[in-house]
Amino acid sequence: MTATPAPAPAPFVLSAFDMVTPVHQSPGLWRHPESRAHEFDRLSFWTDLARTVEEGGFTAVFLADILGLYDVHGGGVDATVRGGVQWPLLDPFTVVSAMAAVTERVGFGVTASVTYEQPYLLARTLTSLDHFTDGRIAWNVVTGYQDSAARNLGLDRQPGHDERYDRADAYLDAMYRQFEGSVERDAVVADRESGVFADPAKVHPIGVEGPHVRLPGVALAHPGPQGTPFLFQAGASSRGRRFALEHAEAVFYIGPTTAHVRRFVEQTREGLREAGRPEDAIRVLAMVTVVVADTDEEAQARLAAYHEHVDVESALALFGGWTGVDLSGLDPDAELEHVESEASRTALAAFTTQSPDRRWTVREVAEFVSVGGRGPVIVGSPATVADELERWHRETGVDGFNISAAVRPTDLERFARLVSPELRRRGLLREPEAGRTLRENVAGAGPLLPEDHRGTRFR
């Protein structure tokens with residue numbers, strides 16, 4: 001008998017993970033001689049990046065954001081400021097139109113907090129970008145995790161973790177009423193003969209009167225190509241996962257091993273089934289940092305050189321900002337214990353409860369965070385990197401990867417030049433198509449929210 005050939009692996013999507021700041025995920029590496037991170041405040045840095053990732057077949061650029069300074073480590077911001085740790089931090093919304101103007105296929109995910117952003121104005125901003133990018137915009141929905149942000153935005157402290165998500169549910173419903181229900185898709189007629197630009201019969205009050213959001217009037221903007229922008233979400237706590245099952249179309253996850261990521265994927269699929277949504281209604285992207293060179297030996301040497309630029313204090317400032325835990329003044333060889341905080345619970349769990357077979361010391365945490373944040377690092381030749389991405393894809397069931405650069409933008413440029421051609425050769429890279437919205441390129445369906453999504457009930 002002739003053996004049945006194994007099915008070809010399914011292609012996956014790529015997203016570039018970045019932030020409009022000197023240090024995103026890898027403290028100290030802004031000092032590397034190939035780094036251009038000091039140019040983060042120049043528009044050309046971002047338009048160059050957009051061209052790079054589009055040429056590399058990436059489907060999206062995902063721009064993270066926070067609204068405060070990391071002030072946990074040492075009880076202040078000195079280490080954060082000294083190391084450029086997500087500060088200075090510019091507004092990611094302001095670079096998107098320029099990035100879209102120099103590209104045709106790649107989409108753009110921008111982060112905005114439902115705890116602090118005014119929903120009426122945020123809906124206009126997102127809809128404007130949906131128009132100006134021809135439907136290539138996504139909203140990464142976050143609730144925030146920093147007390148420093150809360151204080152600078154008029155609160156004594158941030159609301160509790162689960163309370164933030166309770167508010168987020170009401171906030172999203174108010175956004176859907178603006179994106180889907182306030183202005184009908186054919187309201188704008190621009191009829192010169194009749195003198196009617198928009199039909200008043202197709203423009204409706206938002207009509208939200210609740211404890212968290214009050215929006216009585218009409219949306220400011222008419223629907224963009226996607227209506228509701230494509231919806232990303234990254235919360236991995238139990239409450240964050242419940243929120244994602246209601247609202248998300250794609251989620252980002254950071255897991256240290258394929259087993260961790262596989263468990264998250266399975267929980268997501270099972271949760272979707274229980275919620276009555278198709279189990280592929282949410283695309284899962286795993287974060288990885290890639291260090292690539294022509295050979296495995298050269299890539300390992302490159303990684304070793306990266307470690308020469310590690311900034312321990314900056315790494316601990318980043319860790320403290322993520323977790324709310326101050327490790328300053330501790331013995332570097334002291335073990336990290338699990339504690340609860342109202343910051344990012346998943347970040348702390350990655351080093352404690354999610355890694356039960358490993359005891360992390362303070363020094364090990366700093367060294368680990370210094371290259372790639374808290375996600376896995378893949379190192380090697382183009383073939384080795386492609387092998388590893390294929391293995392992660394096969395063993396976890398993820399739909400794609402959120403690629404982080406340790407040295408920015410060099411690592412993404414090297415990925416596009418070295419790894420993308422190898423992925424194409426293997427048929428593993430699912431590339432976006434020009435003329436399609438981001439929702440179409442990621443989810444493979446139509447440009448609008450699918451009928452099973454919660455937001456469609458507000459049409």
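How many salt bridges does a search of the whole structure find? The search finds 29 of them, a salt bridge being a side-chain nitrogen of Lys or Arg within 4 Å of a carboxyl oxygen of Asp or Glu. This is a predicted model, where local features need pLDDT of at least 70 and side-chain atom pairs count only at pLDDT 80 or more, while totals for chains, interfaces and linings use all residues. Residues are numbered from 1 along each chain as its sequence is written, and side-chain values use heavy atoms, with hydrogens and water left out.

View 1. Helices (H or I, at least four residues) and strands (E, at least two) are DSSP runs, numbered from the N terminus. Buried residues make up 56% of the 459 residues. Here, buried means under 20% relative accessible area, exposed means over 50%, and partly exposed is in between (1.4 Å probe, protein chains only).

**View 2. Asp 173 and Arg 454 meet in a salt bridge.** Their N and O atoms sit 2.8 Å apart. Asp 173 belongs to helix H6 (residues 161-182) and Arg 454 to the segment after helix H15 (438-443), so this pair ties together parts that are 281 residues apart in sequence. Asp 173 counts as buried, at 16% relative accessibility, and Arg 454 is buried too, at 15%.

**View 3. Asp 399 pairs up with Arg 269 in a salt bridge.** The N to O distance is 3.0 Å. Asp 399 lies in the loop between helix H13 (382-396) and strand E13 (400-404), and Arg 269 in helix H8 (residues 258-275), so parts 130 residues apart in sequence get tied together. Arg 269 is buried, with a relative accessible area of 13%.

**View 4. Arg 436 forms a salt bridge with Glu 433.** The closest N and O atoms are 3.9 Å apart. Arg 436 is partly exposed at 23% relative accessibility, and Glu 433 is partly exposed at 47%. Elsewhere, salt bridges that share partners link Arg 36, Glu 39, Asp 48, Arg 51 and Glu 413 into one network.

**View 5. Leu 418 sits in helix H14 (residues 410-426).** With a relative accessible area of 16%, Leu 418 is buried. Pro 382 is 36 residues away from Leu 418 in sequence, yet their C-alpha atoms are 5.7 Å apart in space.

**View 6. Asp 294 is found in the loop between strand E11 (283-292) and helix H9 (296-307).** Asp 294 is exposed, with a relative accessible area of 55%.
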